[in-house]
Amino acid sequence: MSKKTIEVVVNGRTHRAEVPARRMLSDFLRDDLFLTGTKRGCETGVCGCCSVLIDGEVIKSCLSLAVHADGHEVTTIEGLAVDGVLHPVQEAFVNHGGLQCGYCTPGFIMTTVAMLNDNPNPTEDEIRHGLNGNLCRCTGYVGIVESIKAAAEKLRGN
Amino acid sequence: MKDFDYLEPASIAEASEMMLAHPGGSVMAGGTALMLALRQRMVTPSHVISLRRIRDLRGITHTPAEGLRIGALALHAEVARSPLVRQHAPMLADMASRLANPQVRNQGTIGGNLCYGDPATDPPSCLLALNADVVLRSARGTRVLKVDQFATDYFATALEPGEIVSEIRIPPSAFDAGYHARFLRTAAEHRPLVNFAVSLRKQGDACEDVRMVIGASTRVPTRLRKAEDWMKGKTVTARLAAEVADLGASEIEPISDIRGDGSFRRDMARTACRRTIEDLFNPAGSAATSAA
């Protein structure tokens, strides 16, 4: 088996690990680092529930090799709360019914964090287009869109 | 996924040597398409040769004489937000900003897209309408091909063993307007059923010159040469837009697959062509005008 040594900063902490070349980033996070907040859903790049940030940009960790994260910074859902205080996007999803079963939620929240970094004041149309790499089977998206509007407002300081 | 050896060449020459030394290997740029194929064991390469450390494949630059140069590893998101692309090829930046979904735009590359040869994507038709050059390099030297020479068939390209795409060049153009339209079967789809790309030079209500391309519905992006000839030099009316669209739809050979059969695709190609021309000229009597 072909192995590679990688050094990845995950949620601010540096991890050095020897991984098989074929290890997906999603598997590395969940099975090697036990960061199980990142979900595996379709594992074919459709559902988006494995979304994480690499250097601040959202990607699907089921379509990315762990070796491709070598030398980069990864942020997962576990990296958002600070000292037990939820990130404003997490808080908004709780307060505005942005989830039902919750399985897709880490992916939606990571996508939202990246979206609001790029565009702090998105229109509803921009929010909906920005979510087209994430699927939710429960909510019908209404609560998710409301949550994102509320999070955007809070992050803008209102 | 089957096991493989993973290689990271530091230069185009080294990558080319590795590809020749490992003919059972696969080249990886962003990996969005290759990872899917690997996970489903549609391909089982002995080696994955990642290009990510090759600096010569990055960057977006522009010179007045040569136009835009977009490194093959430019992410779709980088193409979308590049001030140079937005200034000199706005339809390309606009296409890239709507391609697939944010996650794919942050991982997929313009060069990887072309090399995979998947017809159900947006960049090839857009680049053909922009008269782009695809630059191929190997240890043996450099070749420059147009997009319709590079894309040879369904999932097939003109790439030879040991060759990689290093950059896309978009030469300065005499066109002054353009648009890339995509039609999705449902709003939740990521892949276009059909797309239509047009570059043109307007003189008032008349079309002085035009290049039109249908993609995603055909094995390779297809120039609409009869439609172009019919449109050139004429005043664009709603009637002319419909005639051009009819001609264009008649000169493609649509594919049939799970996303749509050939006759549906031909209808949607006609519609995308007509509506885009109407939107660009807004002639009296068109749907664009009557809806306003």
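In chain A, the centres of domain 1 and domain 2, taken over C-alpha atoms, are separated by 21 Å. The model is a predicted one. Domain 1 of chain A covers 3-79, and domain 2 of chain A covers 88-155. The two domains touch. On the domain 1 side of chain A, 18 residues are in contact with 14 residues of domain 2 of chain A. Between them, these two domains of chain A bury about 1200 Å². Carbon and sulfur atoms carry 63% of that area.

Now look at three helices of chain A: H2, H3 and H5. Helix H2 of chain A runs over residues 88-95, and helix H3 of chain A over residues 105-118. Helix H5 of chain A takes in residues 142-155. Each pair among these helices can be followed in turn.

Start with H2(A) and H3(A). Their axes are 9 Å apart, and they pack at an angle of about 130°. H2(A) and H3(A) are therefore oblique to each other. The crossing of H2(A) and H3(A) is right-handed. Which residues of H2(A) meet H3(A)? They are Val89(A), Gln90(A) and Phe93(A). On the H3(A) side, the partners are Thr105(A), Phe108(A), Ile109(A), Thr112(A), Val113(A) and Leu116(A). By class, this contact of H2(A) with H3(A) has 6 nonpolar residues, 3 polar and no charged.

Next, take H3(A) with H5(A). Their axes come within 11 Å and cross at roughly 40°. This pair, H3(A) and H5(A), is therefore oblique. H3(A) passes H5(A) in a right-handed crossing. From H3(A), the contact uses Phe108(A), Thr112(A), Met115(A) and Leu116(A). From H5(A), it uses Ile144(A), Ile148(A), Ala151(A), Ala152(A) and Leu155(A). The residues of this contact of H3(A) with H5(A) divide into 8 nonpolar, 1 polar and no charged. Find Phe108(A) in H3(A): it takes part in the contact with H2(A) and in the contact with H5(A).

The last pair is H2(A) and H5(A). Here the axes come within 8 Å, and the crossing is at roughly 140°. In the contact of H2(A) with H5(A), 9 residues are nonpolar, 1 is polar and 2 are charged.

Turn to chain B. Its domain assignment gives domain 1 (5-50), domain 2 (55-170) and domain 3 (177-290). In chain B, the C-alpha centres of domain 1 and domain 2 lie 19 Å apart. Contact links 10 residues of domain 1 of chain B with 17 residues of domain 2 of chain B. Domain 1 and domain 2 of chain B bury about 1100 Å² between them, and carbon and sulfur atoms give 75% of it.

Finally, see how the chains meet. 29 residues of chain A are in contact with 27 residues of chain B. The area buried between chain A and chain B is about 2400 Å², with 52% of it on carbon and sulfur atoms. In chain A, the residues that lose the most area to chain B are Arg22(A), Leu63(A) and His68(A). Together they give 28% of what the chain A side buries.

Key:
Residues are numbered from 1 along each chain as its sequence is written. Chains are lettered from A and ligands numbered from 1 in the order in which they are written. This is a predicted model: local features need pLDDT of at least 70, side-chain atom pairs count only at pLDDT 80 or more; totals for chains, interfaces and linings use all residues. Side-chain values use heavy atoms; hydrogens and water are left out. Axes are lines fitted to C-alpha atoms, for helices over the stretch in contact, and angles run from 0 to 180 degrees between N-to-C directions. Helices (H or I, at least four residues) and strands (E, at least two) are DSSP runs, numbered from the N terminus. Angles under 35 degrees count as roughly parallel, over 145 as roughly antiparallel, 65 to 115 as roughly perpendicular and the rest as oblique. A crossing is left-handed if the near helix is turned anticlockwise from the far one by less than a right angle, and right-handed if clockwise. Contact means heavy atoms within 4.5 Å. Ala, Val, Leu, Ile, Met, Phe, Trp, Tyr, Cys and Pro count as nonpolar, Asp, Glu, Lys and Arg as charged, and the others, Gly among them, as polar. Domain bounds come from an automatic or database domain assignment. Buried area is the accessible area (1.4 Å probe) that two parts lose on being put together, summed over both.
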